[in-house]
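Please keep the sequence and the structure in view while going through the points.

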Amino acid sequence: MCFAALAEQQKPNILFIFSDDHSLQTLGTHNGRMKDFIQKHKVTPNLDKLAEQGMYFENSFVCNSICGPSRAAILTGKHSWHNGFKSNGHKFDGSQWTMPKAFQAAGYETVIYGKWHLSTTPTGFDTSWVLPGQGKYYNPDFRVNGKKNVVKQGYCTDVVVDMTLDWLKNKRDKNKPFFLCSWQKAPHRTWMPAPRHYTYLDNVDVPEPSNMFDNYGGGRNSSLKTQHMDLETYLSLQTDVKVTPPFATSTLQEIKDSVVQQPSCDKSTIGEFDRMTMEQRKAWDAYYVPRNEKFRSMNLKGKELIRWKYQQYLKDYLRCIKALDENVGRLMAYLKESGLDKNTIVIYSSDQGFYNGEHGWYDKRWMYEESLRNPFIIKYPGVTKPGSRVQQMIQNIDYAPTLLDVCGIDIPKDVQGASFKPILEGKSPENWRKDLLYTYYGRGAHNVASHYGIRTERYKLIHFPKTDEWEMFDLKKDKNEMTNLYSNPEHKGKVQELKKGLKGLLDKYDVEVDKK
Ligand code: CA
C-alpha cells in the first residue's frame, strides 16, 4: 500500500444511522416521560448501549421540524431559507454544495442506502439506493443511482441494513475511508411493523401523556385549534390504526372503500397492502383481524375511543422502533467483529422528534419541544468519553461542519452551522451557542401555520406572523408548554430580551419567514 493510501485509511470512517420521526420520549437513554416503560420493555437497548459507549446530546434540536427540510439542513449545514428546501413538496437543488460532496472530494467513498425524500437524485454519493418518495415498509422499491428501480423482498428496515452490511463486507474500496449513510424510513407514519413484532407489547398499556386531552387554553395561539393532527379527528381509524377488512381475503377496492376520507389522511397503508405477499397478508391478519373484531365489539366512544387509538398508534410506532433498534445492533455487531469499530465514527439521529399523544397529537412541525428536539448519539472511538452526556445545545445544521472538521476537511464560509468538535473532545467552548433559531414554513398537510422563534436554555419565544400572535414559555416551570407567558406583565423584560435575541438570529442567519 502506498503512503497516501495509508494516510487516507487512517482518516475516520463515518457510519451515519438516521431514522425518520423518532421521538426522544421513545428513546430509552433519554430522560423523558416514557423512559421507564421504554427500558422495561427493551424498546431501544442497542441505541441505549450506543449512548453508553459514546456521547449523548441531551439538548439536540432541528431548525425546521419536518422530513425533507431537516435532511436538506443536514446535507448543507444551512437553514431552510438558504438551502431552498423550506417544506415537503419542494425539490432539493442537488447542484449546491453538500457535506457528502465534500467527503467525496476529500477521497472518501460516499454511499447512501434508504430514505432520501428530497425529490431529486442524490448528488455527492458514489452509490445510492434510495426509497422513492416516502418509500414502503413491505418489499420496498429502491432507486439505484438515479437510474432504475429495483424491488427488494422483505421488511424495509431489515433490507436497508442488509444492503448496508453487504456493502461493508463485500463492496467497499478498502483503500478508502467511507461516509456511509444508512437512513431508515422507520418509524414514519403509517407505522407498519415487521411481522415478528406484531404481538410485541400487545398485553401492556403504553403510558399516556398528561396533556393528551389538551384544550389549547392557557392563552396560547389560535392555530392550535385548527391543526389537522389530533388523535381524535385526524388519526385515521383505517389507515393509521389499521381497522381495515382482512388483508388476505379482501380486494384492493374493498380496502380502499373502507377508508373514511378526511383531511391529512395518509393512504400508504393501502399501498403497502398491495405490495404484500399472501404470506405477509396472512401474518398481518393473524394479529390485526382478532384485534379489530374485539375493537368492534367494544363500541368505544369519546375519550375511550381516543385512548384506544392512542394505544394502537403508539404500539405500532414502538414496534417499528424495535426493528430499527435490532438493526442498529446488527450494524454495531459487524463493526466490532470486523475491527472497523476502532476507526469508525457512529452517529444515530432522526430528522426530528414527534408527538406521541402530547397535546393530543401525532406528527411534528411545531416548535414545541417534542418535535423541535431530536436524538443525537455519537461514538467517536478514542475521542468521545464513553457514557458522557452533553448539555450544550446543538442543531442539525451543525452536523456537516462538525463531521468535516473532525475529518480535517475544509468547511465553506457560507455554512451556517458550527462545529462541535471541541465538545466531542470533552471541552466547553466559551462562545458556544446559548440560543437557536427555528423556522417552519406552513401550512403543509397538517394545516400548521407558519411560525418561527428562538429557543434559549430556559425560554422559548414563538411568533405566528399570519395572525401576529406570540407565545413565550418558561421551560423550567412549564416543560409541557401549556401556559403562554407572553402577555404576563411579570415577564415583560424577558419577552423584550427574547425578541431582541430573535431579531439577532434572523439577522445573523439572514433568514426570511412567511405568513401562510
Ligand atoms: Ca421525519
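Predicted model: local features only at pLDDT ≥ 70, side-chain atom pairs only at ≥ 80, totals over all residues.

1. The second largest pocket holds about 330 Å³ of space. A pocket here is an open set of points on a 1 Å grid over the protein atoms alone, where a 1.4 Å probe fits, with protein on both sides within 12 Å along at least five of seven lines; its lining residues have an atom within 4 Å of a point. The volume is the space filled by probe spheres set on the points, which are joined across faces, edges and corners. The lining comprises 17 residues, of which Lys 294, Met 298, Trp 308, Gln 312 and Lys 315 lie nearest the centre. Helices α11 (278-298) and α12 (302-338) each supply at least two residues of this lining. Helices (H or I, at least four residues) and strands (E, at least two) are DSSP runs, numbered from the N terminus.

2. Residues are numbered from 1 along each chain as its sequence is written, and side-chain values use heavy atoms, with hydrogens and water left out.

3. The largest pocket has a volume of about 680 Å³. Its lining is made up of 26 residues, and His 30, Asn 31, Gly 32, Arg 373 and Lys 479 are those nearest its centre. Between which domains does the largest pocket lie? Domain 1 (14-191 + 325-426) and domain 3 (450-509) both give residues to the lining, so the pocket lies between them. The domain bounds come from an automatic or database domain assignment, which also gives domain 2 (222-312).

4. The calcium ion is coordinated at 2.2 to 2.6 Å by Asp 20 (OD), Asp 21 (OD), Cys 67 (SG), Asp 351 (OD), Asp 351 (OD) and Gln 352 (OE1). Donors are N, O and S atoms within 2.8 Å of the metal (3.2 Å for Na, K and Ca); water is not among the atoms, so sites may look incomplete. Why is the arrangement irregular? The 6 donor atoms subtend angles of 52 to 161° around the calcium ion, which makes it so. For comparison, four donors count as tetrahedral if all angles lie between 85 and 135 degrees; four count as square planar and six as octahedral if opposite donors are over 155 degrees apart and all others between 65 and 115; anything else is irregular.

5. Asp 20 is buried, with a relative accessible area of 0%, and Asp 21 is also buried at 0%. Buried means under 20% relative accessible area, exposed over 50%, and partly exposed in between (1.4 Å probe, protein chains only). In helix α14 (residues 399-406), 7 of the 8 residues are buried, so the helix is largely enclosed by the rest of the structure.

6. Most residues other than glycine have a negative phi, and most peptide bonds are trans. Lys 42, however, has a positive phi of about 50°; this residue lies in the loop between α2 (35-40) and α3 (45-53) and is exposed at 53%. Ser 264 has a positive phi near 65°, yet at 15% relative accessibility Ser 264 is buried. The peptide bond from Ala 186 to Pro 187 is cis, with omega near -5°, and another cis bond joins Arg 189 and Thr 190, with omega about 10°.
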